Amino acid sequence: MARPKIALIGAGQIGGTLAHLAAIKELGDVVLFDIAEGTPQGKALDIAQSGPSEGFDAALKGANSYADIADADVCIVTAGVPRKPGMSRDDLLGINLKVMKSVGEGIREHAPNAFVICITNPLDAMVWALREFSGLPHNKVVGMAGVLDSARFRHFLSLEFNVSMRDVTAFVLGGHGDTMVPLARYSTVAGIPLPDLVQMGWTTQEKLDAIIQRTRDGGAEIVGLLKTGSAFYAPATSAIEMAEAYLKDQKRLLPCAAYVDGAFGLNGMYVGVPTIIGKDGIERIVDIKLSSDEQAMFDKSVDAVKGLVEACKGIDSSLA
Ligand code: APR
């Protein structure tokens, strides 16, 4: 059987890391696409030359033409610009919206059957716009945010509790921005919810609140340290987890920016919610119960995302 084809639209920091991870995990053959000439070809060649030592079987190709993504099974989109210190994700909206238009049209024409994972920020608005421009079914277009935000939360919690990250589960819902909603009640150490761990004296509410805030600021903390770009190792790893769930029909329950129409009382919009990812893409939205406090935070986040979508419509009238 032919190996799956994975097209990476954007061959920058995240795109290159995605290509390396996809090859090492043997998820399929990889096409790196970028408008910059030479970058995708150079990265593809460099990664291919890591194959003999790593021992993977995957073909890697760099491309500047959308024809090369033809019939991809998975497209992961990082095309656009990352933020610089002092910028919020929302500051990227105008420039990255134009990029989503060309990427969406490229996918529509050349890879209409792909499962599309968007990483470009501001995430919830960009995945919505990418879906509009591509015209693909909503269940096949999804945004990567919750897996990364939850991974950041899990990492900080594992440091606080001095336990393995593998035993920490966490849920972060809502938009991928300052209003994201880390859900303490649904986050656990081997099944013990965080509020119980506070009661057991493993940590204090103040420390937990500080961890939640650090999670919300997780991307900005890295932008501040790097100074020339934003995080790329963990974002790439998170998207690969989602791609693998699709390609292997794993039915993983992962928080993703998915199209929600009905669940959570929402009326057709993209925002971070728990989803099941399998061979049909987003196979189910898991409509968990929120407390009134959680619901208020979620509503605020939903409003922030709606504001960005309205801003997109104001910029590009074809979206209105
Ligand atoms: N089509 C294809 N590629 C494009 C286009 C376009 N229209 N415009 C820009 N690119 C490419 C750039 O040439 C660059 O190689 O997108 C790549 C982006 O790479 P980086 O600048 O290294 O950014 P990266 O860190 O990978 O982040 C990409 O993901 O997390 C988000 O906020 C981040 O929006 C940013 C995106």
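UniProt positions use the numbering followed here, feature names are shortened, and annotations may be inferred rather than shown by experiment. With that in mind, let's start with a residue that a record points out: an unreviewed UniProt entry puts the feature "active site" at His176. Keep in mind too that the model you're looking at is a predicted one.

So where does His176 sit? Look in the loop that runs between strand E7 (168-173) and strand E8 (181-189). Is His176 buried or exposed? Buried means under 20% relative accessible area, and His176 has 7% relative accessibility, so it counts as buried. Setting aside residues up to four places away in sequence, His176 touches Arg89, Asn121, Leu123, Asp124, Ala145, Leu148 and Asp149.

## Around the ligand

Now for the ligand. There are 19 residues around it, and Gln13, Ile14, Asp34, Thr78 and Asn121 come nearest.

Some of the distances involve oxygen atoms of the ligand. In Asp34, a side-chain N or O atom is 2.6 Å from a ligand oxygen. With Gly80, a backbone N or O atom lies 3.3 Å from an oxygen atom of the ligand. Val81 also uses its backbone: one of its N or O atoms there is 3.0 Å from a ligand oxygen. On its own, the ligand exposes 720 Å², and the protein buries 85% of that.

## One side of helix H9

Next, find helix H9, which covers residues 218-226. Which of its residues are buried? They are Gly218, Gly219 and Val223. These residues cover an arc of only 135° around the axis, so they lie on the same side of H9. Here's a handy bit of background: an α-helix has 3.6 residues a turn, so residues three or four places apart point the same way.

What do the buried residues of H9 pack against? Their partners are helix H6 (146-161) and helix H8 (205-216). Just after H9 comes Lys227, which takes a positive phi of about 70°.

## Phe298 in helix H11

Last stop: Phe298, which belongs to helix H11 (residues 292-315). At 1% relative accessibility, Phe298 counts as buried, because buried means under 20%.

Which residues is Phe298 in contact with, leaving aside neighbours within four places in sequence? The list is Leu173, Gly174, Val181, Phe264, Leu266, Val271, Gly272, Val273 and Leu290. For a sense of distance, take Phe298 and Asn113: they are 185 residues apart along the chain, and their C-alpha atoms are separated by 32 Å.

Terms used. Residues numbered from 1 in each chain as written. Predicted model: local features only at pLDDT ≥ 70, side-chain atom pairs only at ≥ 80, totals over all residues. Heavy atoms only, no water. Helix = DSSP H or I, 4+ residues; strand = E, 2+ residues; numbered from the N terminus. Buried < 20%, exposed > 50% of the residue type's maximum accessible area, 1.4 Å probe, protein only. Contact = heavy atoms within 4.5 Å. Near = heavy atom within 4 Å. Polar contact = N/O pair within 3.5 Å; in protein donor to acceptor, adjacent residues only side chain to side chain. Areas by Shrake-Rupley, 256 points an atom, 1.4 Å probe, with all protein chains shown as cover. Arc of directions from axis to C-beta.
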